[in-house]
Amino acid sequence: MGLGRQIESFLDDRFDTETARGFVDKQAHKRLPPNTGWFHVFGSLSLLLFVSQTITGILLLIYYRPTPEAAHESIQYITAEVYFGWLYRQIHAWGGTLMILAVVFHMVRTYFWGAYKKPRELTWVTGVLIFIGTITFGFTGYLLPWNQLAFWATTVGTESANKVPLIGSWLQYFLRGGDAVTGETLSRFFVVHVIILPWLFTGLVVVHLILMRLNNLATFERVGEEKPSPPEYGIPFFPVHVAKEGVVVVLLLAVLVTLSVLVPWEIGEPADPLSTPAHIKPEWYFLPSYQLLKYFEGPYGAIIGIFACSLPFFLLFLWPFLDRGKERHPKRRPLAVGFGLLGLLGALFLGYLGHISETEQTFFGKRYYIDLLGRPNEIVDDAGTSESKAH
Amino acid sequence: MMDISEPSTRRGFLDWLIAACSSVAGAALVIPGLVYLWPAAKGGAAENVEVEGASDMSPGQARTIQIAGKAVIVVRKRSEYRAFLAACTHLGCLVTWDSSRNEFLCPCHAAVFDENGEVVSGPPPSPLPRYQIKEVGGKVYVSAA
Ligand code: HEM
Ligand code: FES
């Protein structure tokens, strides 16, 4: 008898292994609806990236030191001295960005497929929580290398919390662990990034996956009129869908390693609390909110601005309960599809404005200074003095 | 003997009692934990803090120092000193002093403050908070207003 067989019979003698085996079999060979295709891989891609972040994150933790004195140096040590340290740091930093992309793509897919409709509203709601968790991972992780850009982007980011009505200044004080961004802030962000969020996030993902399995994947059939698909038409999760995911794993690893080698993340200058460098901007996924916030100034403006920035999140949470039409196919939901496209393009446009704001850009052969609000001001430097910078 | 004609009120009361006791016990466990998360004040008082080497500053020069955990910018104009909270009132970047223009500039969204900390242009909603200066025996002391 082989060792494997021996272990099996040891377990069989002591536990009801039949039931466990039956469960695993059923889950592995579950039939997915026939329209399950390549667009359906973004969910598992997100999960995969989370697993990768967890593994690389734990590896980084071995050498990372979460104090203002040691953090920056420890990242330098990881990159320069530790065997393969550069690789794991790069994969973690790039993985963070790709994970946000994957989660966004997954949301976009389920939105346009109408998969959030009854009975899958709660799957969607847990998904929105996962999205917010992913952004929070990014925000807290970004500070950990304790470099100038991260320090000041975090200062500006937590300062925005000040604009929340009534509780703003408390919220900011609480997030920072004091008046300014200091070692206290680093500790807080560190604990959230490596302990609190990973566990919360794991719980959320487990619930999300259980809900997904209980309702199976959505088809394009109208709400309440889904026909239980006979097994012979469904796509077996294993091996057919798993094979697709295998392809995605390989592509993902290739992309991660390529980015890590060709476009490495900088470590940057160590944080200096007494000097702000030029060109502070948040990470790309905060740019739409950051830009939107700029259009609302003054005491009332700030309140409206915070409201305008949180409205999309409220809408996301409530969407399955607001859009109660029975159709799922995008062609038969022009309104929801139009609204979704509008939101998506709006976010892209705002993000782009945020990206080019306060820089010089050339459009159609003319140079422009793009001001804070994204308005182009033509630069006419005949004498080199008449730059029309809008101060 | 239990009065079986009224089980619901007695059971109901017991259920209520158990729920109430567990809530109190739960709150007793959770509240200290939440309070623990509130940052304890530290950094000392921002009163009469000496600006090291202020007398070495030449007129027009500025220096950013840390007072009670906050960045404060001290400017020397001719013989007089001024001090302001250096964090821009827009989103908290630290302003610098431009001695040729006699203005404070914010590197983040190009705000400009005049030599009194008043907003000249840009998004900040309010002036830079001013600190008080005291000169005693050739030494310069700063206090939060
Ligand atoms: C689940 C467990 C995780 C652990 C234990 C962990 C741990 C760490 C550690 C120790 C660092 C500091 C090292 C460094 O900056 O390179 C870090 C940075 C970072 N983390 Fe994570 N992380 C986890 C998950 C995530 C996730 C899910 C995201 C994605 C959104 C993420 C995004 C980031 C980012 C963007 C950085 C900054 C990278 C850099 O600039 O070097 N982390 N993380
Ligand atoms: S932080 Fe100074 S202008 Fe925005």
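Ser74(A) counts as buried at 5% relative accessibility, where buried means under 20% relative accessible area, exposed means over 50% and partly exposed covers what falls in between, taken with a 1.4 Å probe on protein chains only. Ser74(A) lies in helix 4 of chain A, residues 71-80; helices here are DSSP runs of H or I with at least four residues, strands are runs of E with at least two, and both are numbered from the N terminus. The side chain of Ser74(A) reaches out to the backbone nitrogen of Arg65(A), at 3.2 Å. That pair falls under the heading of a polar contact, a pair of N or O atoms within 3.5 Å; within protein, one atom must be able to donate a hydrogen and the other to accept it, and residues adjacent in sequence count only if both atoms are side-chain atoms.

A word on the basis of all this: the model is predicted, with local features needing pLDDT of at least 70 and side-chain atom pairs counted only at pLDDT 80 or more, while totals for chains, interfaces and linings use all residues. Residues are numbered from 1 along each chain as its sequence is written, chains are lettered from A and ligands numbered from 1 in the order in which they are written, and side-chain values use heavy atoms, with hydrogens and water left out.

Stepping back to the whole of chain A, there are 13 helices and five strands. The C-alpha trace of chain A spans about 85 × 55 × 45 Å along its principal axes, and of the 391 residues in the chain, 41% are buried.

Next comes the ligand. Ligand 1 sits in the second largest pocket. On a 1 Å grid over the protein atoms alone, a pocket is an open set of points with protein on both sides within 12 Å along at least five of seven lines, whereas a cavity is a set of points where a 1.4 Å probe fits but cannot get out; lining residues have an atom within 4 Å of a point. A molecule sits in one of these if more than half of its atoms lie within 2 Å of its grid points. Helix 3 (41-63), helix 5 (85-112), helix 6 (121-143) and helix 9 (183-215) of chain A are the elements that give two or more residues to the shell around ligand 1. Helix 3 of chain A provides the largest share, seven residues.

In total, 22 residues surround ligand 1, and the closest are Gln53(A), Arg89(A), His92(A), Gly141(A) and His193(A); a residue is near a molecule or strand if one of its heavy atoms lies within 4 Å of it. Sorted by class, the shell has 12 nonpolar, nine polar and one charged residues, with Ala, Val, Leu, Ile, Met, Phe, Trp, Tyr, Cys and Pro taken as nonpolar, Asp, Glu, Lys and Arg as charged, and the others, Gly among them, as polar. Arg89(A) goes for oxygen instead, with a polar side-chain atom 2.8 Å from an oxygen atom of ligand 1.

Helix 6 of chain A is mostly covered, with 18 of its 23 residues buried. From first C-alpha to last, helix 6 reaches 34 Å, close to the 33 Å expected at 1.5 Å a residue, the expected span being 1.5 Å times one less than the number of residues. In the loop between helix 6 and helix 7 (148-161) of chain A sits Trp146(A), which has a positive phi of about 55° although it is not a glycine. Trp146(A) is buried, at 6% relative accessible area. In the loop between helix 5 and helix 6 of chain A is Pro119(A), and the peptide bond from Lys118(A) to Pro119(A) is cis, with omega near 5°.

Helix 9 of chain A holds Thr185(A), which is buried with a relative accessible area of 0%. A polar atom of the Thr185(A) side chain lies 2.7 Å from the backbone oxygen of Arg176(A), and the side chain also reaches the backbone nitrogen of Thr182(A) at 2.8 Å.
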